[in-house]
Amino acid sequence: LCVAVAKSGNVDACKFGASCRFTHDIDAYLAQKPADLEGTCPFTVLGQPCPYGLTCRFSGTHKDNHAPSESHEINTLSKDVQKLLWKTKYKFPRASEQIKHLGLKEVIKIKASALAEDRSADHDNPDVSCELNGDEKTESSCNTAVNVEHDSSLCEEMDKLGGEPLDGDSVARAAKKSKIEVVEINKGGAGTHDTKTEPEDPNLVNGLEVPLNIPSSCRVDLVETPHLRERKIIDFREKLYLAPLTTVGNLPFRRLCKTLGADITCGEMAMCTNLMQGQASEWALLRRHSSEDLFGVQICGAFPDTVARTIELVDNECSFDFVDINMGCPIDLVVNKGAGSSLLNKPMRIKSIVQASSAVTKRPLTVKVRTAFFEGRNRADSLVSDIYDWGASAITIHGRSRQQRYSKNADWDYINQCAQKAPDDLHVIGNGDIFSFTDWNRHVSGSSKISTCMIARGALVKPWIFTEIKEQRDWDITSGERLNILKEFTRFGLEHWGSDTKGVETTRHFLLEWLGYTCRYIPVGLLDVVPQQLNWRPPSYCGRDDLETLMASDSAADWVSQLPSSFSIQLSDELLAT
Ligand SMILES: Cc1cc2nc3c(=O)[nH]c(=O)nc-3n(C[C@H](O)[C@H](O)[C@H](O)COP(=O)(O)O)c2cc1C
């Protein structure tokens with residue numbers, strides 16, 4: 001059904017009239033539409049008109065007399081900006097000047113899409129000439145930046161990473177699916193993407209008005225790095241930080257964690273090259289809900305200019321409180337292209353990236369690393385003393401190496417050693433295996449040098465960990481209370497992904513992804529030893545009621561069976577099979 005007709009219920013609402021590609025036949029549409037799902041439309045609950053109108057799977061609960069709706073989500077990519085990016089006409093004056101200032105060379109995109117459906121992402125492209133400047137020449141390999149399409153491959157890799165090392169096959173599968181884009185070092189030195197020389201309106205950047213959040217000083221003094229004291233400061237100390245989590249750390253999940261006590265949230269990792277191409281799916285990762293009052297965006301890239309340009313872009317177009325560069329991502333698809341944790345082998349590249357990036361924004365820049373790339377060759381300690389001078393406000397250290405993935409416990413002794421070496425003004429954020437308020441107390445309250453901890457899988461398995469830390473207790477949560485949390489997620493999901501058939505399916509999909517973590521929770525009341533540890537894998541057990549038993553199952557069929565009568569999420573066999 002045509003969206004305009006669906007939304008208004010009026011067959012004349014579509015401005016394309018008879019040339020519209022979608023049907024305007026409301027009766028025919030309703031005749032084949034499945035019955036409404038049980039429950040109330042999430043927009044009706046909010047007292048708003050439902051944007052999905054007749055296509056909403058809860059349309060029977062719509063009311064006519066709603067106040068105009070107002071979206072609580074921001075950071076959408078405007079069509080104008082997307083067009084500029086598609087045409088590579090978007091300008092990056094601050095990044096370009098800074099790259100020039102640092103004596104680095106710019107990487108310019110060459111024809112992308114024609115390349116490589118059949119080319120494995122795991123091999124460098126021999127056709128690409130790489131000319132490296134002083135810093136980079138010492139590196140053993142010539143890296144090309146990769147355009148990892150966000151949709152499935154990266155998410156799949158990340159999902160599998162949720163505790164388990166990846167096997168070669170899975171990487172190859174994912175690599176095959178992703179498109180590769182190759183970049184070439186620009187031999188001509190610095191310059192902007194746009195080669196046009198026509199005179200420009202000084203009040204317009206990229207043909208658009210200069211956003212208010214860009215200080216006017218940026219227009220005149222492009223190369224001057226804002227002194228760290230001039231930056232907005234974020235006090236990370238003792239704030240509960242929900243880690244960036246690809247796929248599962250989606251906006252509805254982060255919203256849920258906010259209701260349960262999280263202070264800081266961060267978007268899912270977005271690849272620089274995809275953002276720079278204006279890929280809508282990648283930009284969706286930058287969305288922010290109004291409840292996310294201390295919010296960071298996380299990006300990942302291999303080269304100083306790619307990262308600096310991306311930061312200039314998101315700085316211009318998005319609302320966020322800090323930007324985090326992921327230098328700890330372990331997945332092959334990212335590492336093989338010189339980004340993520342492979343940067344840990346290239347300290348001079350880290351320096352260039354941080355220096356170039358921090359100069360293009362006045363918002364705090366943070367960096368997330370692992371202890372090292374290779375097991376036994378820790379590197380993070382050598383970064384902490386310098387990274388503040390290069391322009392970072394905080395460093396998050398995940399206490400494992402890339403090689404180690406999730407095997408063995410996070411090395412908190414080493415995280416503490418790093419924190420000891422950090423200058424006073426650098427916030428050190430520890431990360432790894434926090435699963436109870438006692439873990440938190442031991443690592444945060446027990447150290448004057450660690451500002452806070454980031455919580456990842458702990459929040460996925462029991463998002464009420466934030467409440468536990470704030471209230472300093474082990475919460476023996478009932479199955480009914482847990483079900484209410486799932487219901488809340490579902491409501492947020494339908495609001496975010498939509499209450500029409502597609503939105504319901506997407507909500508179901510992400511709910512199932514998440515239930516793959518929640519089933520690992522062992523109720524406090526059943527434990528002989530409290531608290532539970534993240535790496536415990538208990539044998540099958542019976543809960544204190546049927547719902548608790550179903551929630552503990554590792555079978556998706558059991559997760560589903562707990563749901564239909566309670567809140568109408570009936571999963572199709574097809575989805576279950578996936
Ligand atoms: C499913 C999943 C997705 C992740 N996605 C990201 C990501 O997008 N960016 C990032 O920096 N780290 C990501 N991580 C790593 C976590 O942020 C965190 O560093 C790691 O899980 C260790 O913390 P934990 O022991 O509390 O889980 C991800 C981890 C998992 C399990």
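T247 is a buried residue, because 21 other C-beta atoms lie within 10 Å and a count of 20 or more is what defines burial. This residue belongs to a predicted model of a protein chain that holds 26 helices and 15 strands. The chain is divided into four assigned parts: domain 1 (3-74), domain 2 (94-185), domain 3 (234-471) and domain 4 (479-577).

**Overall organisation**

- Of the 578 residues in the protein chain, 46% are buried.
- A distance of 39 Å separates the C-alpha centres of domain 1 and domain 3.

- UniProt, in an unreviewed entry, places the feature "domain: C3H1-type" at residues 1-27.
- The feature "zinc finger region: C3H1-type" is also placed by UniProt, in an unreviewed entry, at residues 1-27.
- In the model, residues 1-27 are 30% helix and 0% strand, and the end C-alpha atoms of this span lie 10 Å apart.

- Most residues other than glycine have a negative phi, and most peptide bonds are trans.
- T247, which is not a glycine, has a positive phi of about 70°.
- The position of T247 is in the loop between β6 (241-242) and α10 (251-259).
- T88 likewise is a residue other than glycine with a positive phi, in this case near 50°.
- The loop that holds T88 runs between α4 (79-86) and α5 (93-101).
- T88 is partly exposed, because 16 other C-beta atoms lie within 10 Å, a count between the limits of 12 or fewer for exposed and 20 or more for buried.
- The peptide bond from V530 to P531 is cis, with omega near 0°.
- P531 is placed in the loop between α22 (501-518) and α23 (546-552).

**Helix α10**

- Because 8 of the 9 residues of α10 are buried, this helix is largely enclosed by the rest of the structure.
- The buried residues of α10 are L251, P252, F253, R254, R255, L256, C257 and K258.
- After α10 comes G261, which has a positive phi near 120°.

- C318 lies in the loop between α13 (304-317) and β11 (322-327).
- C318 counts as buried because it has 22 C-beta neighbours inside 10 Å.
- Leaving aside residues up to four places away in sequence, C318 touches N75, L286 and V297.
- C318 and T265 are 53 residues apart in sequence, and their C-alpha atoms are 15 Å apart in space.
- L46 is found in the loop between α3 (42-45) and β1 (73-74).
- L46 counts as partly exposed because it has 16 C-beta neighbours inside 10 Å.
- L46 and G493 are 447 residues apart in sequence, while the C-alpha to C-alpha distance between them is 14 Å.

Technical notes: Residues are numbered from 1 along each chain as its sequence is written. This is a predicted model: local features need pLDDT of at least 70, side-chain atom pairs count only at pLDDT 80 or more; totals for chains, interfaces and linings use all residues. UniProt positions are given in the numbering used here, feature names are shortened, and annotations may be inferred rather than shown by experiment. Helices (H or I, at least four residues) and strands (E, at least two) are DSSP runs, numbered from the N terminus. Domain bounds come from an automatic or database domain assignment. Two residues are in contact if their C-beta atoms, placed from the backbone, lie within 7 Å.
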